[in-house]
Amino acid sequence: MEIAVRIASAHLQGRIRSRRQIVAGPLVGLLHERDVWYLSGAVAAEPGASFDPEELPWALETIRQAFAAEGRWLSAELIDEASPGLAEALVANGMIIRSRPPLLVVEPDDLLVPDLPTGVTASVVESSAEQAAANAVAADAYEDPDAANPFQPNPADGGNVLIRLDGVPVATAAWTAVADGVTEVVGVGTLHSHQRRGFGALATAFATQQAFERGGATLAWLTPGDDGADRVYRRIGYAPKATAVHLGDPGGHLADLR
């Protein structure tokens, strides 16, 4: 449970740097200025602390109203072991569990960075132009034009990497702002034309390495999108340490605003 609480607390601290907070009992809603669904959401306000189930209905309603007032759809991200019973309490109040993936963790000594094949290079994004190239790869990989990150000149605030084949960007990954030595590796994506060739593993491993070496992280975590990604991440040293819970809210108030 200790590592789960550390990760959940760091996740909260990292996200509040760039989001407005709506604190309500055991929950905190985090609103990003960009209206992209995965950038905003609710998390546990005090990972590791018990909560009063009687507080949850008004807390969730408060956050629902705040999100609805700005036309935002509400989701929630929890770590089961850091907030036992909170996901089930949210379900009892109308939210639904969308996924419950393993939370995979790696420390510097356990990371395995694959050798670069001939013609392949790995580099940290160092300019807005390179960030645009990384964002273009992510947009293709996720089939989502909103899959974009801003350029972060300070590695402690997060960063992006690019994998190139013969000079052409083919894969990317990012790490988030480091808090308490913890970072999340996110946005792993490979061009559709270059998938299943090991570029995603390279991007993940290199982003993790740079988060350690440049960002000062001592622990990295991620959640795989499917079983195939899970196997890839475990091959480079990530191991399951907890369980993430991703929830959606069909009981929100967006419909009331239309």
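This is a predicted model: local features need pLDDT of at least 70, side-chain atom pairs count only at pLDDT 80 or more; totals for chains, interfaces and linings use all residues.

User: How do you know that the buried residues of α4 line one face of the helix?

Analyst: The buried residues of α4 are Q131, A134, N135, V137, A138 and A141. Seen down the axis of α4, these residues fall within an arc of 160 degrees, so they line one face of the helix. As a general point, an α-helix has 3.6 residues a turn, so residues three or four places apart point the same way.

User: What covers the buried residues of α4?

Analyst: The cover includes the strands β8 (158–165), β9 (168–176) and β10 (182–190). β8 and β9 pair in the antiparallel sense over eight bridges, and β9 is joined to β10 by four bridges, again antiparallel. T172 of β9 is the bridge partner of L162, and in β10 the bridge partner of T172 is G189.

User: What makes β8 and β9 count as paired strands?

Analyst: Strands count as paired when there are at least two bridges between them, and β8 and β9 have eight, so the pairing follows from the definition. The two strands form a hairpin with two residues between them, and D166 in the turn has a positive phi of about 50 degrees. In the hairpin of β9 and β10, with five residues between the strands, D180 takes a positive phi near 55 degrees.

User: Why is E143 called exposed?

Analyst: The term exposed requires over 50% relative accessible area, and E143 has 64% relative accessibility, so E143 counts as exposed. E143 follows α4 and is found in the loop between α4 and β8, and its phi near 50 degrees is a positive value in a residue other than glycine.

User: Why does R196 count as exposed?

Analyst: With a relative accessible area of 86%, R196 is above the cut-off of 50%, and therefore R196 is exposed. R196 lies in the loop between β10 and α5, and its phi, near 65 degrees, is likewise a positive value in a residue other than glycine.

User: Why is the aromatic pair of W37 and Y38 called edge-to-face?

Analyst: Ring planes over 60 degrees apart count as edge-to-face, and the planes of W37 and Y38 are 90 degrees apart, with 5.8 Å centre to centre; the name therefore follows from the angle. The structure holds three aromatic pairs, and W37, Y38 and W73 form one aromatic cluster.

User: Which residues have the most contacts inside the largest nonpolar core?

Analyst: They are V161, I163, V170, F199, Y233 and Y238, in a core of 36 residues. The largest share of this core, nine residues, comes from helix α5, residues 199–213. Apart from this core lies another, of 21 residues, among them L31, F67, L78 and M95.

Technical notes:
Residues are numbered from 1 along each chain as its sequence is written. Side-chain values use heavy atoms; hydrogens and water are left out. A nonpolar core is a set of buried Ala, Val, Leu, Ile, Met, Phe, Trp, Tyr and Cys residues joined through side-chain atoms within 4.5 Å. Buried means under 20% relative accessible area, exposed over 50%, partly exposed in between (1.4 Å probe, protein chains only). The arc is that of the directions from the helix axis to the C-beta atoms. Contact means heavy atoms within 4.5 Å. Rings of Phe, Tyr and Trp (its six-membered ring) pair if their centres lie within 6.5 Å; planes under 30 degrees apart count as stacked, over 60 as edge-to-face and the rest as tilted.
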